[in-house]
Structure formats: C-alpha cells, structure tokens
Amino acid sequence: MPKSRRRGLTKAGTLLTCALLAGVVVAGAAFPAVAMSGLAAKAGADSFQDLPTELTVPQVPEVTQVFAADNKTLLARFYDENRQDVGLADIAPAMRNAMIGAEDHAFYRHNGVDVKGFVRAIVSNFTGNSRQGASTLTMQLVRMSITYGATDPNDVVAASEDTNARKLREMRQAAALENKLGKDEILERYLNMAPFGHGTYGVAAASRFYFGKEPKDLTVPEAAMIAGLVKSPSYYDALDTEGPGYDRTVQRRNWVIEQMKEIGAITEAEQAAALATPLKVKGQRPTNGCTSSLHNDWGFFCDAFYRWWMDQEAFGATSYDRERRLKGGGYRIVSTLDPVVQQAAYKNVQQYLPTGRKDALMVAAVEPGTGRIRALATNRTFGLDDPTKPKNPISSNPKQADAGLRASYPRTTNPLLTGGGGVHGYQAGSTFKMFTMVAALEQGYPLSLSYNAPNRYPSKYTAAAGTESACPGTERWCPSNDNEGMAGMHDMWSAFGRSVNTYFVPLEERVGAAKVVDAAQRLGIRFREPGEAAVAADPAQADGWGSFTLGVSAATPLDLANSYATLAADGRHCEPIPVQEVKDRAGTELDIAKPRCDKAVDPEVARAAVDAARCPVGDQSAYGRCRGATEADARRVVGHPVAGKTGTTDSDRTASLVAMTTTLSVAGIMANPDWPETTTDMDHDKVNPAVYETLADAMKGKPKKNFPKPTEKLVYGDQRSVPSVTCRPVDEASTTLRNAGFKVEVDPNRVASNCPAGAVAGTDPSGRTVAGGVVMLRVSNGQAAADGPGSGRSPGGGAAGETPADRPGRRG
C-alpha cells in the first residue's frame, strides 16, 4: 500500500478515534461517572469516577495597601504579584465580554466543558489548520487554581503538561466547579486571577498599568487589548514599540474585537469604531515597598511600619511567613501617619538643615495615650545609593572611611529615627534629667526639694579614666554646669528649667541611679547598644551609672518623644505603633492595631514632672514656680500650654529638644549618624525651632488644653516652717535648723546685711520648705543692705536662689 494512502488512513483513523472520544465526552457531560470511563482509561486513569472532583480555588496573592491616618491618602503598596481583587460589578461589561470573546464563546451555555469547542479543536489541530485550545474559562481557572494551590513543584508542572490525563482531570474538576459556583462568580475569579504581563495580575492591576484607569471605566478597545494578553502576555507586549510586540498586540486586540462582534457583545458600528481607535498604553508601574512610596519623605515612616509588621507574630511564626502575608495578603491598612504633621515636620527639617548635609536633623511625633506615631522626618532621602554611580560621599567616620564605606547622606534606608538594624541612637543630653526627676518624685521627693548646687560637684561616682571630668587630685567624677551663674539654691522647677547639672547628679545619688534607669525604661527608652542594655538590666551595674542623668545613653527621636508622651498621658505608657486599623481582604478588622499601653508611673508623679517640664520651654508651672528657661521661644510660638526639655552633650556631639502639649509630643535630635561620637558643633538654633514649629503647625486650630495640676503632696511635700535665725551666729543657727529637721549648708559668699559681720543674714529658703530639705545660710559682710536684716533676699535682688544669669538661653 502506498505510503500516502497509509498516511491518509492513519489520519482518518485518528480522526475517527477523536470523533468517538468526542462522543464519549458528550455523553460524559450527562453521565460523567460512566460514559467517560473509556476516555479515562485511554488517559491512564483507572476510571473516570476515580478522578478528583474537589478543587479549592485558593486565595491568590493580592496587594496590601497602606494609607495615611486620613484613610484616603495612599502611603505605600506591598506585593509579590501586582493584583487587587475587584467585584464583577466593578468591572466594565466590555471587559467581561472581551474575555468571553477571546477565550470562551460558550461560557454561559456549557457546564464547564465546551464539547463543540473540544471537537472543533481536535479537528483543527489534527488537520493542521492551526493550534486551537479546547479549554474553557472554567478549565483555565481550574488550572490556575491548581498552580496557585500547589505546595509541591511537581504539581505545578503537572498542572500545565500537555497530556490527555491533565485535560481529563481539568474537565472533571471544571464540571464539579460549575456545580459549586455560579457563572458570574467563576468569571469574576478568573478575571482577578489571570496574568496580563509586566507583573500585573487581574484586570484591576492591568487596567491601571496599561491605561491608568479603574476596570469599571475600560472601553471596548482597551478591554479587548487586555483580554488578548491572556494567551501569551510576553508575546503580546504593547510596550515593545521598537520590536514586534506592539504590532502583535494590535492585531490580537483587533481579533478580540471581531470575536466580541461575533458573540453579539458589540454592534457593527461599535466594532468599526473600536478597530479605528489607536492603541495607546501608559505602562504606569505602581509603587512597591518603601523605597518607591508615593511620598518619599514618608519613607522612614513606611520603613517603621514594615519593621513593626515583621515583628508581629500574629502575621506568622517566621519572618518569611510575615513577609508573604504582607506582600500577598491583600490587607487594607490605615496607618497612624498624620499628613499635616508629617508635612510640617519635613518642611521644618528642610528649612533648618536641608538634605545633603552630613549632620542629620531628625524629628519624631507621637500621640500621648495611644503611642500612635504621627510623623517621622529627617534630611535624608529614603532609598538605596546607586552602587554603580554612588552619590553618597565617603563616611566622615575615620574607621568607616578606612574601610571604604560611604556616608548615610543624601540617601539611606537606615532607621535613623526609630533604631534597629545597627542604629542604636544618639546621646540626648539633659532631656534625660526628666527620668531622674520622675524617680525622685516616686521616692517621695517633692518638686520643692531645694539645695545648693555648686558650680562643680564632687560626686560619689568614679570618673572615666584619663578624662578631665575628675575632681583635681582624685578619681571622683566632678560634673559642672554650663556656666558659673547657674550655681546656687535650686528646687526641681528652677534646676530643670535651667538644666543645672550639679542639682541633678546629687539628686540621682539620693534616688539611686538604678531607679533612674528603671524609670527611663518604663517611660519608653530602649537600650539597643548591647553594653548599655546589659548595664540597664543589672541594678548593681546601673547604680554606678552616675552620668545617666546627663543623657550619655543612646536614644532615638522616637523613643524620646514617646517617653515624654507617657508623662503627658498621666503616666500611661504606650508602645509606639504605626497602625490604627488593619483589615484583611474580607474586610474583617483585626485587633492587632489596638494601642498597647500600661501604667508606667502614677498619674500624680507624671503631673508633677510635667509641671516642672513647663519651665525649660518658656511656659509657667501651675504653681508659678518657673525661674529660667533654656528655650523660652517654644511657648510663644506654639501658643498652647507646652512642656519639654532641651539637651546638649559634652563637646556638643548632639543637640536635642522635646516639646509637647496634652495631645502631641515632638522630639528632635541633631547628630551625625555615621559618627555619633564625633565632637562637632551641633546647633540648637536648628533643632529647637524645627521641633517647636512642627508642634505649632500641628496644633493650629485645635483647642488649647492645660496640663492637669498636680496635688500639693508631690509639689511641696511635708512642709515645715524654717526657724528664724537672722543675725545669730552661724554655729547656733545651724544647730537650730538641724534640730528642726533640715540639712544645713553655708554659702561661702558674704552678702550685704545690717547684721554683724559673720552672723547669719538670712536663710534660703525662708518661711517654709520641705522636711529634710536643705536650708542655705547667707552670712553677713557687715555692710548695710537696702532691704534690711531678715529680708531673705539674695544679692541679686530677686527671689531666693535667683541670679542675674536666670534668663532664656539655648543650652541644657
């Protein structure tokens, strides 16, 4: 028999076999358990009814979106696959019809398997006219579902292998799926699952990427183009204008338009108009992650959110699980970032220290009572430096420079404001005196506790070896004040207001440094540097940390703002949190966003501490006891009751300020992140206004609310009358005062008085003071004073303990 005849017979036989199989399929549509068993046997299965019917359509990865606190401004997206599910009602009818026209004309007529299409495909493929698929939309959904739900790579391969067994399994499961879901639900899931090229999945992502619009607004030619991509997203590439991809896409789009006319979805006139429409695509790739966030100045906040998420066990047992949930869980998150406060913070940072400088000006804002982070701003661009064409200069830190490392400006992804990832923080200077004051108040020492603060104080602590801070001829640490005029009698109001080192070091000695460190931790200071963390965890070591009250420990702007916010919230400490609402893809709100708070200190202690903290920033305490300020402009500019503290470290390594109202705490630190130990001239004229002007901008239009007034117990303590010892000998006066329960110190400087030379001219304080407090004896020089004996006035003519140096400044 001739070969050509044998080939013809073979083709005929094969075609007959296919026709018979097609008949079996037709029968199988009505009698799937029996009629299709023969086809199953040919496909390698034991029987058709043994094939699996159960199919779980998986939750495919979906974009997580993070919004600002206004619940409408998009902050960032996170995804592995750019997909956002939308309901069928939010997809243009043109898009639905385009997909049916392109892939499955009989979609609404078959039960999951298009028998006529199956036969037509067999004949067409056999005769060699063209390769046609017989997969319905339902069968394609089955295949994609198996792929997405696979846990074994072999299952992924099996889901797309070109075998009769695979096709038969798809048919069986497609028929079962049709019995489980309605047609519209199948179409909706398909439209949300299918890939459309350039990393887009689902019609919502494709519509936004290619045309910059929502899927409900797609026109016929736009929908046709998108539907045509499913066949081969890489082959049909409309963005390939220099190669064949664009022309292929136009041809494919036009074919889909013709199919839409064939199924009756559009009229002949609509077909002509669609075919005449030029194809114009945008290729608008959406942002993904923090380095491409919509507002780059929000990048450091976005990073704080990401790090917070990765710490939450609620999102998975491992970091891998948590990241997959973030990038595929389809969450809708409302963050705590306030666009108004963030804009103010960034504007003020840039005004006083623009991006591109080695020193960083960092500002953080926290809401008291919730811990919600309202702003994080610094003079850095959040992003990675280009390693091929780096713009960041070599680091100013000699050790880093020797290693060839580059600086953190103008671009960095280091968490400069929040810590972590090797960022331990920066010395915050005298802002830490707050923790000494809180610990003292907890031990019952009142704000009115007065004693003489010398210019240089010989402490009980040992000085660091080889430093100039040791007392002459000893190893004892001898801290001093910023200027000699700060020496004299002080209570907590004046000592905190003027930042008197030689008041707070002996106060720390009385309280115990370990208790001060503990207070700092409870209020919100985190010790990230390993050596500091070890000391803080061991009371025996912490008790020797004499310089802690002067702010030598590392802290971040966020920690500093949060610790003061705890006091503004009546001692209620809340973990800093970047989210205020988290909803899963089903719209269910999760508890994870609730504030996490605890009682750090007694409300009365917090109120007393805040009362003294009104002094440094130019406000007045509820008891009118403020004398001197280190940043008097803050109260005037903010225009609300305000409390806070400045901070400066030795050799001006850093400069800082905290300023707060009852509803917002703002902290700023100026430092060199690459070399925090360096001796540079940090400028309060930059960091201070950046902080209080941010607070002022945030408080505009809001009601003025005063801080709660503390009770007299922690303000004045157990008050006792100071016996009058005017004009009496010093020894006799000292004995009288000690017997009355006071500590006695003698001022070495003589004052003008009508009393005899060498006799007591008066006491400081006079009248009443706290039991156990210090009473300073002023000794007469024998020269008549204008106010006469017993006036109780200091040489400067002001209130007791006040000196001419009590005036606003920017040190502390």
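How many aromatic pairs does a search of the whole structure find? The search finds 23 aromatic pairs, in a model that is predicted.

## Aromatic pairs

Among these pairs is the one formed by Phe-107 and Tyr-108, whose arrangement is edge-to-face, with 4.9 Å centre to centre and 75° between the planes. The two partners can also be described by their accessibility: Phe-107 is buried, with a relative accessible area of 0%, whereas Tyr-108 is partly exposed, with a relative accessible area of 46%.

Phe-315 and Tyr-331 form another edge-to-face pair, at 5.9 Å centre to centre and with 75° between the planes. Phe-315 lies in the loop between H13 and helix H14 (319–328), while Tyr-331 lies in the loop between H14 and S5, so the pair ties together parts that are 16 residues apart in sequence.

Strand S1 (residues 64–67) and strand S5 (residues 332–335) pair in the parallel sense over 3 bridges, and Val-66 stands opposite Ile-333 in S5.

## The hairpin of S6 and S7

Strand S6 (residues 360–366) and S7 run antiparallel and are joined by 5 bridges, and the bridge partner of Val-363 is Ala-377 in S7. The hairpin that these strands make has 6 residues between them, and in this hairpin Gly-369 takes a positive phi near 90°. Strand S7 (residues 373–378) has 6 of its 6 residues buried, so this strand is largely enclosed by the rest of the structure.

## Arginine side chains

Arg-252, which is found in helix H11 (residues 245–262), is buried, with a relative accessible area of 9%. Leaving aside its neighbours within four places in sequence, Arg-252 is in contact with Ala-102, Glu-103, Gly-228, Lys-231 and Tyr-236.

Two further arginines are placed over aromatic rings: Arg-324 lies over the face of Tyr-320, at 5.1 Å from the ring centre, and Arg-332 lies over the face of Phe-67, at 4.0 Å from the ring centre.

Conventions: Residues numbered from 1 in each chain as written. Predicted model: local features only at pLDDT ≥ 70, side-chain atom pairs only at ≥ 80, totals over all residues. Heavy atoms only, no water. Helix = DSSP H or I, 4+ residues; strand = E, 2+ residues; numbered from the N terminus. Buried < 20%, exposed > 50% of the residue type's maximum accessible area, 1.4 Å probe, protein only. Contact = heavy atoms within 4.5 Å. Pairing = 2+ DSSP bridges. Phe/Tyr/Trp six-rings, centres within 6.5 Å; stacked < 30°, edge-to-face > 60°. Lys NZ or Arg CZ within 6 Å of the ring centre and 35° of its normal.
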